[in-house]
Amino acid sequence: MTERFVVGREEKRRRWINVGWGLLFSGAMVATVAFEHQHDPARYSSFLLWSVASVLGAANLGSLVFLVRYLRLIDDHCLEVVAGKLRFLTAGQCSELEFEQVSALRLFRRWGKLRHIQLVLKNNRGIRLEGYQDLDRLAECLQDALPGKLMP
């Protein structure tokens with residue numbers, strides 16, 4: 001039997017909120033430097049003001065570009081748990097992970113809620129699964145498929 005998981009709206013909303021917080025804090029930093037520049041131009045030079053504004057502006061623009069790209073890709077993405085495999089389907093492309101390659105399964109919780117799942121491969125690389133709807137069910141499916149590989 002195939003189980004299918006998609007990224008939830010809550011995850012998309014959380015990422016938009018994180019970008020919003022970044023914009024808010026960046027704006028506050030630029031406003032603080034601009035305010036101090038008005039009061040003490042010798043100490044807070046124009047160069048500092050424009051440097052802070054341009055670096056934070058570029059960082060926020062990059063963050064926004066990555067978010068839009070992520071949201072565009074994630075619309076066509078799903079994860080399937082099939083017999084002996086974990087299948088990743090994104091924009092018509094399919095990649096598969098054989099469960100034989102997994103050496104450990106780790107569940108990360110915060111305040112009692114499952115936040116993400118990490119699959120540790122035999123080559124010591126990890127795959128982090130987060131943001132999927134019904135993450136608890138995904139963990140349950142993986143635990144059933146990988147008996148004895150759950151790590152604290």
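Helices, meaning DSSP runs of H or I of at least four residues, and strands, meaning runs of E of at least two, are numbered here from the N terminus. Good morning, colleagues; with that convention in place, I shall present the structure above.

The model is a predicted one, in which local features need pLDDT of at least 70 and side-chain atom pairs count only at pLDDT 80 or more, while totals for chains, interfaces and linings use all residues. Residues are numbered from 1 along each chain as its sequence is written, and side-chain values use heavy atoms, with hydrogens and water left out.

I begin with strand 4, residues 93-98, which contains Cys94. Buried denotes under 20% relative accessible area, exposed over 50%, and partly exposed the range in between, with a 1.4 Å probe and protein chains only. Cys94 has 45% relative accessibility and therefore counts as partly exposed. Contact is taken as heavy atoms within 4.5 Å. Setting aside neighbours within four places in sequence, Cys94 is in contact with Arg87, Phe88 and Leu89. Between the C-alpha atoms of Cys94 and His77, which are 17 residues apart along the chain, the separation is 9.8 Å.

I turn now to the helices. Helix 2 comprises 29 residues, 46-74, and reaches 41 Å from its first C-alpha to its last, close to the 42 Å expected at 1.5 Å a residue; that expected span is 1.5 Å times one less than the number of residues. Which residues of helix 2 are buried? They are Leu49, Val52, Leu56, Asn60, Leu67, Tyr70, Leu71 and Ile74. These buried residues pack against helix 1 (9-39) and strand 2 (77-82).

Helix 1 also holds Trp21, which is partly exposed because its relative accessible area is 44%.

The unreviewed UniProt entry annotates residues 16-35 and 47-68 as "transmembrane region"; such annotations may be inferred rather than shown by experiment. In the model, residues 16-35 are 100% helix and 0% strand, with end C-alpha atoms 28 Å apart. Residues 47-68 are likewise 100% helix and 0% strand, and their end C-alpha atoms are 31 Å apart.

Finally, two loop residues deserve mention. Most residues other than glycine have a negative phi. Asn124, in the loop between strand 6 (113-121) and strand 7 (126-130), has a positive phi near 65°. Asn124 counts as exposed because its relative accessibility is 69%. Asp134, in the loop between strand 7 and helix 3 (135-145), has a positive phi near 55°. Asp134 is partly exposed, with a relative accessible area of 49%.
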